[in-house]
Amino acid sequence: MRKIVIIGGSAAGMMAAIAAAKENPDADITVLTQDQLPYRRPAIPALIADYITGPEGARVFPPEALAKYGIKLILPAEATNLDPNNRVISVSSNGKKEKLSYDAVVIATGGYPLIPRIAGSDKKGVFTFTTYEAAAGIVDAAKSANCAVVIGASFIALEIAEALMHRGLDVYFNVRSRILRKLVEPDVSELLMQRFERRGLRMLAGEAISGIGAETHVEYVIHKRKKIATNLVVMGTGVKPNVALAEKCGIKLGPSGAIKVDNRMQTSVADIYAAGDCAESPELGTGRFVYSPVGSIGASAGKIAGRNAAGANQQTNGFLRAQADQILGMQIFSIGHSTTSAKEVGLEVKVHNLTVPVKSQMTKPFEIAKLLTDENDRIVGAQIVAKKHGSQFAWQLYQAVLVGENREEFLKRFNSPRMKMAEALANIVKSTVLVESIGEGKALTLADAASHKNINLVK
């Protein structure tokens, strides 16, 4: 019986466990997690907004799913050491210590908050939000607060800001340069900031918070030399890969500081794999390994790592980053490269404004949209912002980026899916069909047939 140990209970770890069980039903699979139960980190804003009341509502997989595959959970548990020579993991759980032998390991230890060096950031009333415990602290503090400052630039930081607004707080959002800098173009960021301000989110852009004032508890922040009174500060400034265990056992790290893996998600040590926010992953456009702490990529990488830990030999050419969110009434989609991410991997791109399809019957189906192409005019990135119906167009953009479609060819077919269906129906109505009326067979169009009574469609 092949023994597989998954270290980490996030999406990457749990996907690895399920994938391993499906690949090798006879395997002995154990998941170690420091959490009270495995849950989805992206659900934390919903906890803060009080849409769900505990980690139970954010489970990656329900207990019955794990039981179905015979996956064992040890929690809360910490892997304190990993010995590749003897294939043994040292575990500390509930005051007890034990050793687990293994045939393969998947490291999915995730990341931890990246906290900027701001004077006063250690004061009471300053929070991060990458764990349920931290989110619970924010909820408790928000009960007596009337104002909050969220520092960050990402989707999840914006979600936290919206969640606090939902709880009735006045919320400021601080971003050193611009929101979603790595995901969208500057004019897209600007449009979003304008829209968010109209909805009541107070933007503090162009300079980082330089200080947090407090004797014992947060009283204000300093932005551009001005004091802004607040009771609560939330740091949403990114994550760093949690690689302590990997480093301890001699696993190599990549240039980003995350665990170095190959296209099978295997680390530099045989039979040890890594996935999620602790590891690098190949990006689809260039195949280069980058640090991309995105939940969907982590889950996909975890699935490959789990299968290979169970004995498969699956490889990937790379993962396509595709993120979507709805924040303060705006649907935002970012697929593949932006100019910022393209520069990081040495990819030359050109940005094109994507206009409303000529045939579209919607006067303004989206607010703004972009296509990014490489030197061969292949689409390598796309962005779109809409108030509604954004997904109708985003799926077409996703497919275009996934296959690297030629821009001119894409524009020939780009249209609203509703319009495409309307055109298809119009073509059917215009076509000639054989219908059977009482007493005679006669060739009519569907439009003509619709005006007749007692007609049965034959073909």
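Visitor: Why does Phe366 count as buried in this predicted model?

Guide: Phe366 has a relative accessibility of 5%. Buried means under 20%, so Phe366 counts as buried.

Visitor: What makes Phe393 buried or exposed?

Guide: The relative accessible area of Phe393 is 0%. With the cut-off for buried at under 20%, Phe393 is therefore buried.

Visitor: Why is the pair of Phe366 and Phe393 called edge-to-face?

Guide: The ring centres of Phe366 and Phe393 lie 5.4 Å apart, with 80 degrees between the planes. Centres within 6.5 Å make a pair, and planes over 60 degrees apart count as edge-to-face; the pair is accordingly edge-to-face.

Visitor: What makes this pair a tie between parts of the chain?

Guide: Phe366 is in the loop between strands S23 (350-353) and S24 (368-373), whereas Phe393 belongs to helix H10 (residues 390-403), so the pair ties together parts 27 residues apart in sequence. Ring pairs also link Phe366 and Phe393 with Phe410 and Phe414 in a cluster. The search of the whole structure finds four aromatic pairs.

Visitor: How do you know that H1 meets H8, and which residues take part?

Guide: Contact requires heavy atoms within 4.5 Å. On the H1 side, Ala11, Ala12, Met15, Ala16, Ala19, Ala20 and Glu23 meet residues of H8 that include Gly298, Gly302 and Gly306. This contact comprises seven nonpolar, three polar and three charged residues. The axes of H1 and H8 are 7 Å apart, at an angle of about 35 degrees, and the crossing is right-handed.

Conventions:
Residues numbered from 1 in each chain as written. Predicted model: local features only at pLDDT ≥ 70, side-chain atom pairs only at ≥ 80, totals over all residues. Heavy atoms only, no water. Axes fitted to C-alpha atoms, helices over the stretch in contact; angles between N-to-C directions. Helix = DSSP H or I, 4+ residues; strand = E, 2+ residues; numbered from the N terminus. Left-handed = near helix turned anticlockwise from the far one by under 90°. Nonpolar A, V, L, I, M, F, W, Y, C, P; charged D, E, K, R; others polar. Phe/Tyr/Trp six-rings, centres within 6.5 Å; stacked < 30°, edge-to-face > 60°. Buried < 20%, exposed > 50% of the residue type's maximum accessible area, 1.4 Å probe, protein only.
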